[in-house]
Amino acid sequence: MLKLGIKNTLELLVGEKNTAKAIGSGNLEVFATPAMIALIEETAWKSVAAFLNEGESTVGTKIDINHISATPLGLKVICNTKLIEIDRRRLVFHVEVFDEVCKIGEGTHERFIIDSEKFISKTNEKKNS
């Protein structure tokens, strides 16, 4: 059962694939903001996946993140999420991201619980428009 306070932590090593230069969000070899967002989304959805009904998933719908410090190649990045609001199918997470030296990001992330099959079916209807 979903309840406030559900937490999760994931980490990754900053490598060439998740730099701003590689992703195209800049030309420097530092941890990219889009890579941080992907880590936040993964950490959040995995935190609640076991509490969903069969056939349900979550999709990200909103993210409000401050990327407050750059992280160089070779450092570990740690993402922490905490479920702070449940409004029917809407879930809001508080997020904090750290490297091995300091906090590098913080904010909120919103996800919605969806029926996976209906969601994919509706999405695929776009191809027939």
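**Legends to close-up views of the predicted model**

**View 1. Pairing of strands β1 and β3.** Leu10 has Cys79 of β3 as its bridge partner. Strand β1 and strand β3 (residues 76–87) are paired in the antiparallel sense over seven bridges; two strands pair if DSSP finds at least two bridges between them. Helices (H or I, at least four residues) and strands (E, at least two) are DSSP runs, numbered from the N terminus. This is a predicted model, in which local features need pLDDT of at least 70 and side-chain atom pairs count only at pLDDT 80 or more, whereas totals for chains, interfaces and linings use all residues. Residues are numbered from 1 along each chain as its sequence is written, and side-chain values use heavy atoms, with hydrogens and water left out.

**View 2. The five-stranded sheet.** The strands form an open sheet in the order β1-β3-β4-β5-β2, with antiparallel pairing. At the edges are β1 (7–13) and β2 (56–67), each of which pairs on one side only. From one strand to the next, the twist averages 25°. Angles run from 0 to 180 degrees between N-to-C directions, and axes are lines fitted to C-alpha atoms, for helices over the stretch in contact.

**View 3. Helices against the sheet.** Helix α2 (residues 33–48) packs on the sheet and touches β1, β2, β3, β4 and β5 (103–115); contact means heavy atoms within 4.5 Å. The direction of α2 makes about 145° with that of β1. Helix α3 (residues 116–124) lies across β2 and β5 and runs at about 90° to β5.

View 4. Val97 belongs to strand β4 (residues 90–99). This residue counts as buried because its relative accessibility is 0%; buried means under 20% relative accessible area, exposed over 50%, and partly exposed in between (1.4 Å probe, protein chains only). Leaving aside neighbours within four places in sequence, Val97 is in contact with Met36, Ile40, Val77, Ile78, Cys79, Lys103, Ile104 and Gly105. The C-alpha atoms of Val97 and Ile78 are separated by 5.6 Å, although the two residues are 19 residues apart along the chain.

**View 5. The whole protein, for orientation.** The protein has three helices and five strands, which follow the pattern β-α-α-β-β-β-β-α along the sequence. Its C-alpha atoms fill a box of roughly 40 × 40 × 20 Å, taken along the principal axes. Of its 129 residues, 33% count as buried. Among contacts between residues at least 6 apart in sequence, 64% join residues at least 24 apart.
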